Amino acid sequence: MAKGKNTIFFCQNCGYESAKWLGQCPGCREWNTFVEEPAAPKGAGGASGAGTAGTFRKTPEPVSLSRVEMSGQERFSTGIGELDRVLGGGIVPGSLVLVGGDPGIGKSTLLLQVCRNLSAAHRSVLYISGEESLQQIRIRAERIGSFSDSLKLLCETNLENVANVLQREQPEVAIIDSVQTMYSENASSAPGSVSQIRQATGLFLQLSKLLNITIFLVGHVTKEGVVAGPRVLEHMVDSVLYFEGDRHAAYRVLRGVKNRFGSTNEIGVFEMRGEGLVEVPNPSEYMLSGRPEGASGSVVACSIEGTRPILVEIQALICKTGFGLPRRTAAGADLNRVNLLLAVLEKRAGIRLSSSDAYVNIAGGVRMNEPAIDLGIVLAVVSSYKDIPISDRTICFGEVGLSGEVRSVSMALTRVQEAKKLGFERCILPKVCVTEQVRKVGIEVVGVSSVREAIGCILK
C-alpha cells in the first residue's frame with residue numbers, strides 16, 4: 001500500500017499551499033514560485049500549538065468600536081532621530097517591525113544602538129540572536145559604547161524556547177536577529193524555509209499583540225533585493241524598513257516601504273563609522289561634498305523624500321560610441337526613464353545622441369525615482385554633450401513630458417528654500433511653479449515651460 005505524501009508545495013511569493021507543483025500560482029498569479037518542503041506532521045500546532053502561543057491564548061470576544069479602551073501608551077523614541085522619522089515618530093508599543101537589507105549593511109548595528117539608547121532610558125530590552133554568540137555580541141557592543149543592565153541577551157534558535165522566554169520576561173522591546181534562523185520542532189522543514197519563516201512570523205505577531213511587546217525582526221534579502229521567505233511575511237508585519245546603499249560606501253539610507261502607523265515616504269540617512277551608524281541631519285550637504293568645480297555634465301537637482309528635500313548631484317557622460325549599438329547606463333536612476341529622456345532630447349531639442357554612449361550617475365550611490373529629477377538628467381546630458389559646464393550655484397528640478405514640456409512638481413517652495421539654505425543663487429524650475437512666495441525666497445528664479453527653454457538657460 002502506497003504511503004501518504006509527506007511533502008507539500010509552497011508559493012514563495014504569497015504562501016499558497018498545493019499538493020503538487022504548479023507553474024503559475026493561483027493566489028498571486030506569479031510564475032515558477034513553488035518550492036517543495038516537508039509537510040507538518042499531523043497534530044503539529046504550528047504557531048499556536050502546545051508549548052508555544054497556546055499557553056497564553058485568550059478567548060476572543062467581539063466589542064463595539066466605542067467601547068474599545070485606549071491604553072494611553074504613546075510612541076516612545078528610539079534615541080535615533082532618523083529612525084524615529086522613518087517609523088513615523090517613534091516606536092508604537094505592541095508593533096511588529098521587519099528590518100531588511102544586504103549582508104553587512106548595518107541592520108544588527110543599528111538595532112544594537114537602539115538597544116543601547118532604550119536601556120539607557122531604563123526600558124527593558126531583550127536581544128535574541130540566532131547568528132552570533134554572546135561573546136561576539138559583546139565585542140560589537142564595546143565598539144558601539146556602554147550599555148546598562150536593562151539590556152538582556154539570549155542566543156537561541158528554537159522557536160518554542162524563544163516564545164517561552166518572551167512570555168516569562170515580557171520586555172518592552174525585543175530584537176530577533178534573524179527570523180530566518182528561527183525554527184520550530186513542530187515543522188520538519190529546515191530553518192529558513194518558507195513554512196518555518198511563516199510559522200515564526202505568525203508566532204511573533206501573536207506575541208507582540210497579546211503581550212504588548214514591540215518586536216524588531218531582522219530579515220535577510222535575496223539577490224532580487226527582497227526579504228527572503230514568502231511575500232506574506234511583509235503582509236503580516238506592521239512596518240517594513242529597508243537598508244539601502246553600497247556596504248562598501250560610508251553612507252546608508254533607511255527607507256520605509258510599509259508602515260501602518262505613519263508615512264512610507266520618509267527616509268533616514270546614516271554614515272557608517274568605527275563607532276557604529278551616525279545620523280546625517282543634513283543629507284543634502286553630505287551628498288554634495290566633493291563636487292567638482294567647472295566640470296561639464298554635472299548639475300544639482302532637488303528631490304523630495306517624504307517631507308524632506310534632498311539635493312543630489314546628477315552626472316552625465318556623453319561620448320562617441322565605438323560599436324554599432326550605443327550603450328545606455330544609469331546608476332541611481334531608472335534606466336528606462338533615462339532612455340525616455342534621451343529620446344525626448346533627440347525629438348524635441350535636436351540633440352543627436354543615437355551615435356553616442358550615455359552614462360548617467362547620481363553621485364553618492366543614492367537611488368532617486370522621483371520625476372522631479374528629470375530636468376536635472378536632461379541638463380546634465382546636454383552639458384556633457386556640448387562640453388559646457390553649468391554654474392556651481394545653479395540648481396534645477398522639474399518633470400519632463402514626452403512633448404518636451406517641463407511639468408509642475410509638488411513642494412516647489414520647500415525645494416527652493418533648501419537651495420537657498422545651501423548657498424545656491426539660481427534655480428531653474430517649471431514656470432507653473434513660480435509663485436510670489438517662491439520669488440521672495442531670495443535667489444534668482446528662472447521658470448521654464450519646455451526643454452528647449454531650459455537648455456537655453458545653461459547655454460547663455
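Reply: Happy to! Let's start with a term we will need: two strands count as paired if DSSP finds at least two bridges between them. Helices (H or I, at least four residues) and strands (E, at least two) are themselves DSSP runs, numbered from the N terminus.

This is a predicted model, in which local features need pLDDT of at least 70 and side-chain atom pairs count only at pLDDT 80 or more, while totals for chains, interfaces and linings use all residues. Residues are numbered from 1 along each chain as its sequence is written, and side-chain values use heavy atoms, with hydrogens and water left out.

Our strand is β5, which covers residues 125–129. How many of its residues are buried? Five of its five, where buried means under 20% relative accessible area, exposed over 50% and partly exposed in between (1.4 Å probe, protein chains only).

Now for the neighbours of β5. Strand β6 (residues 151–155) runs parallel to β5 and is joined to it by five bridges.

For contrast, turn to an antiparallel sheet. This open sheet has three strands in the order β2-β1-β3. Its edge strands are β2 and β3, each of which pairs on one side only. Two bridges join β1 to β2, and F9 has S18 as its bridge partner in β2.

Rings of Phe, Tyr and Trp (its six-membered ring) pair if their centres lie within 6.5 Å; planes under 30 degrees apart are stacked, over 60 edge-to-face and the rest tilted. By this rule the model has two aromatic pairs. Y16 and F34 form an edge-to-face pair, 6.4 Å centre to centre and with 90° between the planes. This pair links distant parts of the chain, 18 residues apart: Y16 sits in the loop between β1 (7–11) and β2 (17–18), and F34 in strand β3 (residues 34–38). Y16 is partly exposed because its relative accessible area is 34%, whereas F34 is buried, at 7%. F243 and F270 form the other edge-to-face pair, at 6.2 Å centre to centre and 65° between the planes. They also link distant parts of the chain, with F243 in strand β9 (residues 239–244) and F270 in strand β11 (residues 267–273), 27 residues apart. Both F243 and F270 are buried.

Next, the interior. A nonpolar core is a set of buried Ala, Val, Leu, Ile, Met, Phe, Trp, Tyr and Cys residues joined through side-chain atoms within 4.5 Å. The largest core holds 47 residues, and those touching the most other members are I314, L345, L375, I377, L379, V381 and I428. Helix α9 (residues 374–386) gives the most to this core, with seven residues. Contact means heavy atoms within 4.5 Å, and leaving out residues up to four places away in sequence, I428 touches residues including L375, L379, F397, V446 and I458. Another core, of 30 residues, lies apart from this one, with I105, V173, L254 and L277 among its members.

Finally, step back to the whole chain. There are 12 helices and 21 strands, and the C-alpha atoms fill a box of roughly 80 × 60 × 50 Å along the principal axes. Of the 460 residues, 49% are buried. Among contacts with a separation of 6 or more, 67% come from residues 24 or more positions apart.
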